[in-house]
Amino acid sequence: EVASIENTDVKWWQILFREIIIYNLIAEILYVILILFLNVNSYFMISNIILAISSLIFLINVILILFRKDGRGLHDLLAKTIVVEKDR
C-alpha cells in the first residue's frame, strides 16, 4: 500500500506523479511527438538521448531502492510517498 510520508492521505497527484516516474511516461510521450514531427535521422539522434536519460533515471531508482534502508526509490522520494505493508 502506498502512503504519504507526511502522515496524511495520499493525494491523487502523488500517485500520478509516482506512476509517471515509474513507467517513464514522459519519455514515451516524447517518442510519439518525435515520430510525428521529425525526420528519421533526427528521430534516432534525439531518441538515443532520451533513452540514455531514461536508463540513467532507471539505474538511479534501482540503486536507491537497493541501498536505502527504507527502500524508497526516486519515485517515492519525489512524490513524498512510501510503500507500507497493508494491515490484514
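**Salt bridges, a helix and a loop**

Visitor: How far apart are the closest N and O atoms of R68 and D70 in their salt bridge?

Guide: R68 and D70 form a salt bridge, which is a side-chain nitrogen of Lys or Arg within 4 Å of a carboxyl oxygen of Asp or Glu. This is a predicted model, in which local features need pLDDT of at least 70, side-chain atom pairs count only at pLDDT 80 or more, and totals for chains, interfaces and linings use all residues. Residues are numbered from 1 along each chain as its sequence is written, and side-chain values use heavy atoms, leaving out hydrogens and water. For R68 and D70, the separation of the closest N and O atoms is 2.9 Å.

Visitor: D70 also meets R72. Is R72 buried or exposed?

Guide: The side chains of R72 and D70 meet in a salt bridge at 3.9 Å, N to O. Buried means under 20% relative accessible area, exposed over 50%, and partly exposed in between (1.4 Å probe, protein chains only). R72 has 9% relative accessibility, so R72 counts as buried.

Visitor: Which residues are linked with R18 in a network of salt bridges?

Guide: Side chains of opposite charge can pair when their charged atoms come close. R18 meets E19 at 3.6 Å, N to O; R18 is buried at 7%, while E19 is partly exposed at 25%. The network links R18 with E19 and D76.

Visitor: What distance does helix α3 reach from its first C-alpha to its last?

Guide: Helix α3 covers residues 40-67, which makes 28 residues; helices here are DSSP runs (H or I, at least four residues), numbered from the N terminus. The expected span is 1.5 Å times one less than the number of residues, giving 40 Å for α3. The model comes close to that, with a reach of 40 Å.

Visitor: The side chain of S47 reaches a backbone oxygen. Of which residue?

Guide: S47 is found in helix α3, and S47 is buried because its relative accessible area is 7%. S47 touches Y31 and L34, not counting residues up to four places away in sequence; contact means heavy atoms within 4.5 Å. At 3.2 Å, the side chain of S47 reaches the backbone oxygen of F44.

Visitor: How far is V10 from A79 in space, C-alpha to C-alpha?

Guide: V10 is found in the loop between β1 (2-4) and α1 (12-22). With 27% relative accessibility, V10 counts as partly exposed. V10 and A79 are 69 residues apart in sequence, but in space their C-alpha atoms are apart by 9.7 Å.

Methods
Helix = DSSP H or I, 4+ residues; strand = E, 2+ residues; numbered from the N terminus. Polar contact = N/O pair within 3.5 Å; in protein donor to acceptor, adjacent residues only side chain to side chain.
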